[in-house]
Amino acid sequence: MTKSKVKKWYLVPLILLLTVVPLLVRVHEYKTGFAQFGWYPQSDTQQEFFLYYKALAIIAIAAVMCAVLAYRYMTKKKQFKWSYELIPIAVYAGLTLLSSLFSQYKYFCFHGSSEIFESLWVLLGYCIILFYAYQFINTIEDVNCVMEWLTIGLGIMLVIGVLQAVGHDFFATQLGKILITGVTDKDLLDKVQIIFEKGRVFLTVYNPNYVASYFSLMIPIEIALLVKNKQIGYRILYSVMLVASLVCLLASGNRSGIVAFAVTIVFTIVLLFKYIVKAWKVVIPGVLVAAVIMAAFLSQNSLIIDKFTNLFSAVDRVEDPISEIITGDEDVTIKYLGEEFHIAYDVDANGYITVSIQDKDGAQIANTFDEQAYNYTITDARFPGFTVQVVNLDEQITMYVRADNFDWYFQKRDGSYFYYNAFGQWVKINNAPRVAVNFLEKKFEERGTIWSKTIPMLKNCILFGTGADTYAVTYPQDDYVDKTYDFRTTAVDLKPHCFYLQVATQSGIPALIAVLVLFLWYLVKSFRLYRKALFQDDMEIIGVGLLLATFTYLIISFLNDSTVAVAPIFWIMLGMGISINEIVAKKQAQQLAVSQTKTEPAQQIATSQISTGQSEPAQAVPGQTENAGKQKNKNGKQPSAGKKNQAKQSNTGKKKAKKK
């Protein structure tokens, strides 16, 4: 076996992550671990198809990578490639580890959270993946091998996506259900339902939002491979794949992908303007084809238009009449339109119940009492429609309040008041702090509301975060007033819908700074490198493709989270990008040195002639040459040895001139 063939075996882990892992779909039944919290049902058994086994595969492959790296370290005289760009990722890995070790929720750190499964091992795996790709992508043969397999994996994904787009989802067929469940019983298979509507593309990445993240990485690479491969067969192949990718992206109904690609187009024009102008005969038809596809799709499907409109336009936020409910030890306080409604009850030894209804000054709020129904109807104009009633709930005396057309149940337990939530649990109400309420909330399809509550969480992440995959258990899921007004009383927000907030809350603000330094370092370095590239080398073409792919992914990451379905591909491309940048930079330096070497002899001759007072031989004038040969120094003495040589050269020039 040749050395090159042996070397390609080191690429197998990267190939698996690019081709096999994204396609893994298999049912997994598990307990979420959320039943310990009041904001989740007591029955917490869930089934999952798309992420759990991807996470396991990432951990296993990262472990293999560590073994391969260790073997290489021992057999290659303890040498690794090194780049200063690796420092930020090492800092991020260290801070993520420490945040998890110090976390209050270690179970989720080490096992992963429901519907996310990005445990500490997965996050550290991403760092290993980047380092591994950086170490082993060293030649164009390495790049070609990886890209060939990436093309195969992408091709399979596109077949699945196009079928979903035309309403024939493979996972909705009997064969598809058998493959992902391992069950052959028809009755059981009929109970397996895909949650997304017909014609919506979600591939194997679980959520249409992640389809945009996937194609943000794939489309720029497809374009780079189209440019790189000159054979007509390859160009037809990648052209077809580009069309299919655009169809899948549009059919996913994801707006963030369109926004990100719009930003990338501007970035590309700035970076490659002169090459785009030169290739206008190819660029213009390509743009027209993309425009026709988009127009044709949008004319038949209003989903993406509606979702795009909702992304950037939302009704102005109206202040909720009930701004806060405080379940205190002495009473329950309802803050309604700037007024305070205090209620409490007491049961004496004889079982007689007394109810207190007061305002913030301690004054009795006007009401009428129906003794038979034990119901208080509030007649105070400050609290229209309010009623209070004593009822029996779970065989316990409970205070039922009707306020602003919503029902609220409160009970005094262990010396404090608790609220009865939609899951039938007695809990405290958390009035979560928010920021930029008018600017963010109700915007970006409710992402802004989540961000408004997530940003205040950062005050507890100044050094370390809450730990890997702990966002769901640290986010204020118990903000029941806000949930009630949003009609989301049973909703659980598992992710911040922003990769950067995800890092900051779980790994800490310093960890976020570290990854931002890494990303900016790579982007700026790449921009400078490819701004002056001639693109006569395949490495430069792939390098700029990786730059545009990672740039688009990072833009989408403002609206999407990290996910095990796509993130490994990003970290591979980032590691490859750093390695290819070094190779391209060396070649550019060598080319510059060669060009300088070619000009040095002429420059040295000119410098020598200027220092001796000579002109170039080809430009010499006979009279001037003769005079120069007869000159003496200022003291009237004969010239020195060096000057004699000049005289000889001058005489030689004279003889040549006379002979001529």
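These are my notebook entries on what I looked up in this predicted model.

**Ground rules.** I number residues from 1 along each chain as its sequence is written, and I use heavy atoms for side-chain values, with hydrogens and water left out.

**Overall.** I found 24 helices and 13 strands in the protein. Helices (H or I, at least four residues) and strands (E, at least two) are DSSP runs, numbered from the N terminus. Of the 660 residues, 48% are buried. Buried means under 20% relative accessible area, exposed means over 50%, and partly exposed lies in between (1.4 Å probe, protein chains only). I then looked at contacts, meaning heavy atoms within 4.5 Å. Among contacts between residues at least 6 apart in sequence, 68% join residues at least 24 apart.

**Helix α3.** I took residues 52–75 as α3, which has 24 residues. From first C-alpha to last, α3 reaches 35 Å, close to the 34 Å expected at 1.5 Å a residue; the expected span is 1.5 Å times one less than the number of residues. I listed the buried residues of α3, among them I58, I61, A62, M65, L69 and R72. An α-helix has 3.6 residues a turn, so residues three or four places apart point the same way. Just after α3, I noted that K77 takes a positive phi of about 55°.

**Charges over rings.** I counted a charge as over a ring if NZ of Lys or CZ of Arg is within 6 Å of the ring centre and within 35 degrees of the ring normal. R72, one of the buried residues of α3, lies over the face of F136 at 5.1 Å from the ring centre. The charged end of K81 sits over the ring of Y134, 4.3 Å from its centre.

**Cysteines.** I checked for disulfides. A disulfide is a covalent bond between the sulfur atoms of two cysteines. With the cut-off set at a pair of cysteine sulfur atoms within 2.5 Å, the count comes to zero. I also looked up the exposure of two cysteines: C66 is partly exposed, at 36% relative accessible area, and C498 is buried, at 7%.

**Aromatic pairs.** I paired rings of Phe, Tyr and Trp (its six-membered ring) if their centres lie within 6.5 Å; planes under 30 degrees apart are stacked, over 60 edge-to-face, and the rest tilted. The structure holds 55 aromatic pairs. I looked at F406 and W408, which are edge-to-face at 6.5 Å centre to centre, with 70° between the planes. Both F406 and W408 are buried. Elsewhere I recorded one aromatic cluster, formed by Y126, F499, Y500, F519, Y553, F558, F570 and W571.

**W408.** I placed W408 in strand β11, residues 406–413. I call W408 buried because its relative accessible area is 0%. Not counting residues up to four places away in sequence, W408 touches I322, I325, M399, Y400, V401, A403, Y419, V481 and T484. Of these, I checked Y419, eleven residues along the chain from W408, and found their C-alpha atoms separated by 7.4 Å. The side chain of W408 also reaches the backbone oxygen of F406 at 3.5 Å.

**H342.** I found H342 in strand β5, residues 339–347, buried at 14% relative accessibility. I counted a polar contact as a pair of N or O atoms within 3.5 Å; within protein, one must be able to donate a hydrogen and the other to accept it, and residues adjacent in sequence count only if both atoms are side-chain atoms. The H342 side chain makes such contacts with the side chain of T333 at 3.1 Å and with that of E340 at 2.9 Å. Leaving aside neighbours within four places in sequence, H342 is in contact with residues including D331, V332, S356 and K360.

**Two loop residues.** I looked up S114, in the loop between α5 and α6. S114 is buried, at 2% relative accessible area, and its side chain makes a 2.8 Å polar contact with the side chain of Y30. S114 is in contact with T32, F34 and L494 as well as Y30, leaving aside neighbours within four places in sequence. Q104 lies in the loop between α4 and α5 and is exposed, at 67% relative accessibility. I noted that Q104 and T474 are 370 residues apart in sequence and 9.8 Å apart in space, C-alpha to C-alpha.

Notes: This is a predicted model: local features need pLDDT of at least 70, side-chain atom pairs count only at pLDDT 80 or more; totals for chains, interfaces and linings use all residues.
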